[in-house]
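Reader: I would like to learn how to read aromatic rings in a protein model. Could you walk me through it with an example?

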Amino acid sequence: MLASRVRRACSLRSVEMLHLRRLSTVNDRTPPSAAPDASSPAGPPPVRVAITETAGRGVFTTRSIGSGELIHSAEPVVCHPSVDDLPAVCYSCLKALDGSEDRRTAAGVAFCGERCMGRSKGSFEVEMGIDFSAYHDYCRSHGLKYPLLVKRLACMVLAGETRVECLDVLQPAYLPMGMIVQIEEEFALLKRAFKAAGLMDERIACIVHSLRRIAASVEAETAVGNAVYMLPSFYNHDCDPNTHIIWLESAVARLKALREIQPGEELRICYIDASLGRDARRALLYQGFGFQCNCPRCLSGD
């Protein structure tokens, strides 16, 4: 049950490993394989990251934002399909495949185009040279998806596609001891796979150490995969949010305003299903993200 959101220390700064739901709607920058989106706003996003009074870092507007406006989009630092969806989505950007792709590999996975295949070439070759079958079986039998992100990130580092320090800016989550014990099991499986392939070097050890700091436990959901984002990871939670994230057809995340937002206002998203009752929301947030929600809606008893 590895990593979920590296959101805030204090209120948990667990890294938003946001779930890519099949029926979602809206995106972020361009993932390691999606084409640039002409509808994305030009220039830097109208936001800034600053310290909040109660929840560590947060994202604030720098100008007025209209209801329904696309605030910014974000490309994942790393993403990975769920094990059960491997044949159905692009192995790089998670775009759904229509069956006409001729870029299916001998490993049984496919890419949506030459761009995705080219950008993932190095890490894919590293990954295919290691036997991760036991690791995948563990994730499948335990209903886990986030450990796959750790595997992908390690392969990206070995291939020179990213650096070990790429997630250092993200803060650690607070985890219950039982969750830490489960995480240790997953790391042990991952280390064995790399060691058997003769690739257990200092870089992998650093990745394991780094990701242990930001790991959090979340069970599998109805999603085609999972991803870690940089700027969206600084968005705090609210059960009555003013912003939401949607995905169109790939792992690129788009953040849209749910209402008019004033300059200097903090942008907040809902990490879970906002239609749940207060007790269910609070329990889910505590179990999955490590914090007790005290947003205005929860405090009002709604």
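Reader: Let's start with Y271 and F291: are they buried or exposed?

Author: Both Y271 and F291 are buried. Please keep in mind that this is a predicted model.

Reader: How are the rings of Y271 and F291 arranged?

Author: Look at the angle between the planes, where over 60 degrees counts as edge-to-face. The planes of Y271 and F291 stand at 90 degrees, with the ring centres 6.0 Å apart, so this pair is edge-to-face.

Reader: Which parts of the chain does that pair tie together?

Author: Y271 belongs to the loop between β12 and α7, while F291 belongs to the loop between α7 and α8, so the pair joins parts that are 20 residues apart in sequence.

Reader: How many aromatic pairs are there in the whole structure?

Author: A search finds 6 aromatic pairs. One of them is F111 with F124: their planes meet at 85 degrees and their centres are 5.3 Å apart, so they too are edge-to-face. F111 sits in the loop between β7 and α1, and F124 in helix α2, 13 residues apart.

Reader: Why is F111 called buried?

Author: Buried means under 20% relative accessible area. F111 has 1%, so it qualifies, and F124 is buried as well, at 14%.

Reader: Which rings form a cluster?

Author: Ring pairs connect Y91, F111 and F124 into one. Y91 also has a charged neighbour: R152 lies over its face, 4.5 Å from the ring centre.

Reader: Which residue has its charged end over the ring of F132?

Author: That is K151, whose charged end is 5.3 Å from the centre of the F132 ring.

Key
Residues numbered from 1 in each chain as written. Predicted model: local features only at pLDDT ≥ 70, side-chain atom pairs only at ≥ 80, totals over all residues. Heavy atoms only, no water. Phe/Tyr/Trp six-rings, centres within 6.5 Å; stacked < 30°, edge-to-face > 60°. Helix = DSSP H or I, 4+ residues; strand = E, 2+ residues; numbered from the N terminus. Buried < 20%, exposed > 50% of the residue type's maximum accessible area, 1.4 Å probe, protein only. Lys NZ or Arg CZ within 6 Å of the ring centre and 35° of its normal.
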